[in-house]
Amino acid sequence: NCMLSRSTAEIGTAAVTTALGLTVMFGAREFGIGWGSSGPAPGTFPFSVGLLVTGASLVNLAQAVFGRNKPEGLFFNRQQALRVANFFAPVLLFVVGALTLGIYVAAALYLTLTMRLQGGYRLAVSALAGCAAAVFFFIVLEYLFQVPLLKGPLEAAIGLN
């Protein structure tokens, strides 16, 4: 009934963080990683952080693969995986919604559905809270802070683009 062992989770995590560190290091090279006449080049700090992450991740990977005290047992089971999926699925839908409908409509839908399905609130209360939050963030971000965010077809239809 084991879905994912601790050892597999540690190896996978170490491999992912190694890849992230290498990606940062590779990207930092584009901005220069040496020392110039005015000090360190812009990519020096990100390169150093990427190097640190990569090094630490490789140590973790080696310990997970070759260590004497390999972690055994369960990392998470099916029930725990479903709980994680119940959290991440709405977030993924929010991202897709933000790209297709705009961030404010997606936020209203996300908050409405999350309050309804996970919080158990009545649909009217959930929808009111979701819409109120989206309007609040629109006013604060677009007008007060003048930070334009991704808008979709609804905002364009009512002239808020």
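This is a predicted model: local features need pLDDT of at least 70, side-chain atom pairs count only at pLDDT 80 or more; totals for chains, interfaces and linings use all residues.

Student: OK, new topic. Which helices and strands are there, and in what pattern do they come?

Tutor: You'll find six helices and four strands. Going along the sequence, the pattern reads β-α-β-β-α-β-α-α-α-α. The radius of gyration is 23 Å, well over the 15 Å that the globule rule gives for 161 residues, so the chain is more spread out than a compact globule.

Student: What box would the chain fill, then?

Tutor: Along the principal axes, the C-alpha atoms fill a box of roughly 60 × 60 × 20 Å.

Student: Can we look at one helix, say α2? Where is it and how far does it reach?

Tutor: Helix α2 covers residues 44–66, which is 23 residues. From first C-alpha to last it reaches 32 Å, close to the 33 Å expected at 1.5 Å a residue.

Student: Which of its residues are buried?

Tutor: In α2, the buried ones are T44, F47, G50, T54, S57 and A64.

Student: What do those buried residues pack against?

Tutor: They pack against α1 (6–29) and β3 (39–40).

Student: Last thing, charges! How far apart are the mean positions of the positive and negative ones?

Tutor: The chain has 9 positive and 5 negative charges, and their mean positions are 12 Å apart.

Notes:
Residues are numbered from 1 along each chain as its sequence is written. Side-chain values use heavy atoms; hydrogens and water are left out. Helices (H or I, at least four residues) and strands (E, at least two) are DSSP runs, numbered from the N terminus. The radius of gyration is taken over C-alpha atoms; the globule rule is 2.2 Å times the number of residues to the power 0.38. Lys and Arg count as positive and Asp and Glu as negative; His and the chain ends are not counted. The place of a charge is taken as NZ of Lys, CZ of Arg, CG of Asp or CD of Glu. The expected span of a helix is 1.5 Å times one less than its number of residues. Buried means under 20% relative accessible area, exposed over 50%, partly exposed in between (1.4 Å probe, protein chains only). Contact means heavy atoms within 4.5 Å.
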